Amino acid sequence: MKQSFDKGFVTPLPVFIIATYDKDGKPNAMNAAWAGQVGGDLISISLGSHVSTDNIKANREFTVSFATKDFVAECDYVGMVSQAKVPDKLDKTGFTVTKSEKVNAPIIDQLPAALECRVKDIIEEYGETRVVAQVVGMVADDSVLTDGKVDLGKLQPVMFDSSARAYRVIGENVGGAWNAGGKFA
Ligand SMILES: Cc1cc2nc3c(=O)[nH]c(=O)nc-3n(C[C@H](O)[C@H](O)[C@H](O)COP(=O)(O)O)c2cc1C
């Protein structure tokens, strides 16, 4: 028999590392799990009041890198402290950045895959800032590509487990989409 539960909600949640510049060109990064793909080339992120949120509102461009197993501590840290309180928060992680060629935003060098995003809409609703952005570019290190596509087995992205407040590696391929169900056809 099913029982009610009160911890966790939707799974899987991604771990987006959002990287932005402030008005003086200083880079910052934050962690966001309340996010997802909402169209062919659109993503949506629910943001509270953060330095990164102000940067996105001012610049209207940012990047999203996928947090990976090898950099869990760094990715967690950028979600634990605000640059408003720890001005050198990015330096503390050892993360370095390179400016995107497509948008006015930094790309974190150590994280292998990133989306380059341009704000389409900013909606203030339900007490949050909902940023809807168009993905205008995608970049990835050769080391995580197979036949020109990002290979999750190589990337080893992590998801946010809101029940356990933990990060989990996204796991094995257990069936082809629009394929595994074919056995019932
Ligand atoms: C696992 C995790 C998930 C988070 N998800 C979100 C989120 O979806 N939206 C949000 O506004 N903040 C989220 N945060 C909090 C921000 O990352 C955090 O407040 C960060 O310090 C903001 O940095 P900044 O002020 O330097 O921009 C998350 C933090 C963690 C650790």
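Two strands count as paired here if DSSP finds at least two bridges between them, and strands themselves are DSSP runs of E with at least two residues, numbered from the N terminus. One of the contacts to look for is L13, whose bridge partner in strand 13 is F160.

Before going on, note that this is a predicted model: local features need pLDDT of at least 70, side-chain atom pairs count only at pLDDT 80 or more, and totals for chains, interfaces and linings use all residues. Residues are numbered from 1 along each chain as its sequence is written.

Now step back to the protein chain, which has 4 helices and 14 strands; helices are DSSP runs of H or I, at least four residues long. Of its 185 residues, 32% are buried, meaning that 20 or more other C-beta atoms, placed from the backbone, lie within 10 Å of a residue's own.

Then there's the ligand. It is surrounded by 21 residues, with W34, H50, S52, G79 and S82 the closest; a residue is near if its C-beta atom, placed from the backbone, lies within 6 Å. Strand 3 (27-32), strand 5 (42-47), helix 1 (51-59) and helix 2 (72-80) each give two or more residues to this shell. Strand 3 has the largest share, 4 residues.

Conventions
A residue is buried if 20 or more other C-beta atoms lie within 10 Å of its own, exposed if 12 or fewer, and partly exposed in between; C-beta atoms are placed from the backbone.
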